[in-house]
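Here's a quick tour for anyone meeting this structure for the first time. Have a look around it, then read on.

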Amino acid sequence: MTTEHYLHEIKIFENGTIDTFEFGHVVIKTEIVSSSLNYYGHAHGGYLFAMCDQISGLVSISTGFDAVTLQSSINYLKSGNLGDKLTIEGSCIHNGRTTKVIDVTINNQDRELVAKASFTMYVTGQHKEETIQ
């Protein structure tokens with residue numbers, strides 16, 4: 001039995017776009033592509049979680065601070081399927097000095113809730129804009 005076909009690369013934001021970036025609130029839109037799928041043909045849980053984690057960092061940056069994930073939890077509520085258009089929305093519900101709590105939802109094109117997550121972010125410092133050349 002060969003098992004190599006069970007391991008494949010998962011890509012996250014190869015087709016994502018930032019729809020909203022304002023203080024304490026970020027919205028990203030993306031589409032599930034074949035490299036986002038698990039071997040059952042649905043969006044990989046790690047793919048969905050990584051999007052939530054990424055948007056939590058962006059929400060922290062939107063408040064002017066860099067932060068790393070201290071704790072998180074996620075509920076997977078509906079399968080994501082190839083071609084689904086996802087809206088990932090993160091909102092800061094606690095904007096503390098050393099921690100931030102970010103709520104994240106992922107909805108599909110039919111506004112059905114695919115996943116809901118909560119992240120506690122540890123503030124590592126004030127955000128400094130970087131110039132990428």
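Is Lys78 buried, partly exposed or exposed? Lys78 is partly exposed, at a relative accessible area of 38% (buried means under 20%, exposed over 50%, partly exposed in between, using a 1.4 Å probe and protein chains only). Bear in mind that this is a predicted model, where local features need pLDDT of at least 70, side-chain atom pairs count only at pLDDT 80 or more, and totals for chains, interfaces and linings use all residues. Residues are numbered from 1 along each chain as its sequence is written, and side-chain values use heavy atoms, with hydrogens and water left out.

**The sheet and the helix**

- Picture an open sheet of 6 strands in the order β1-β2-β4-β5-β6-β3, with antiparallel pairing (two strands pair if DSSP finds at least two bridges between them).
- At the edges sit β1 (17-22) and β3, each pairing on one side only.
- From one strand to the next, the twist averages 20° (axes are lines fitted to C-alpha atoms, for helices over the stretch in contact, and angles run from 0 to 180 degrees between N-to-C directions).
- Helices (H or I, at least four residues) and strands (E, at least two) are DSSP runs, numbered from the N terminus.
- Helix α1 (residues 45-62) lies across β1, β2, β3, β4, β5 and β6, and runs at about 150° to β2.
- Within the sheet, β2 and β4 pair in the antiparallel sense over 7 bridges, and Thr30 stands opposite Leu86 in β4.

**The salt bridges**

- The count comes to 2 salt bridges (a side-chain nitrogen of Lys or Arg within 4 Å of a carboxyl oxygen of Asp or Glu).
- One of them joins Glu31 and Lys85, whose closest N and O atoms are 3.6 Å apart.
- Glu31 lies in strand β2 (residues 25-31) and Lys85 in strand β4 (residues 85-95), so this pair ties together parts that are 54 residues apart in sequence.
- Glu31 is partly exposed at 30% relative accessible area, and Lys85 is partly exposed at 47%.
- Glu112 and Lys78 also meet in a salt bridge, at 3.9 Å from N to O.
- Glu112 lies in the loop between β5 (99-107) and β6 (113-126) and Lys78 in the loop between β3 (65-76) and β4, so the pair links parts 34 residues apart in sequence.
- Glu112 counts as partly exposed too, at 32% relative accessibility.

**Around Lys78**

- Not counting residues up to four places away in sequence, Lys78 touches Asn108, Glu112, Leu113 and Val114 (contact means heavy atoms within 4.5 Å).
- The C-alpha atoms of Lys78 and Ile106 are separated by 9.9 Å, with the two residues 28 apart along the chain.
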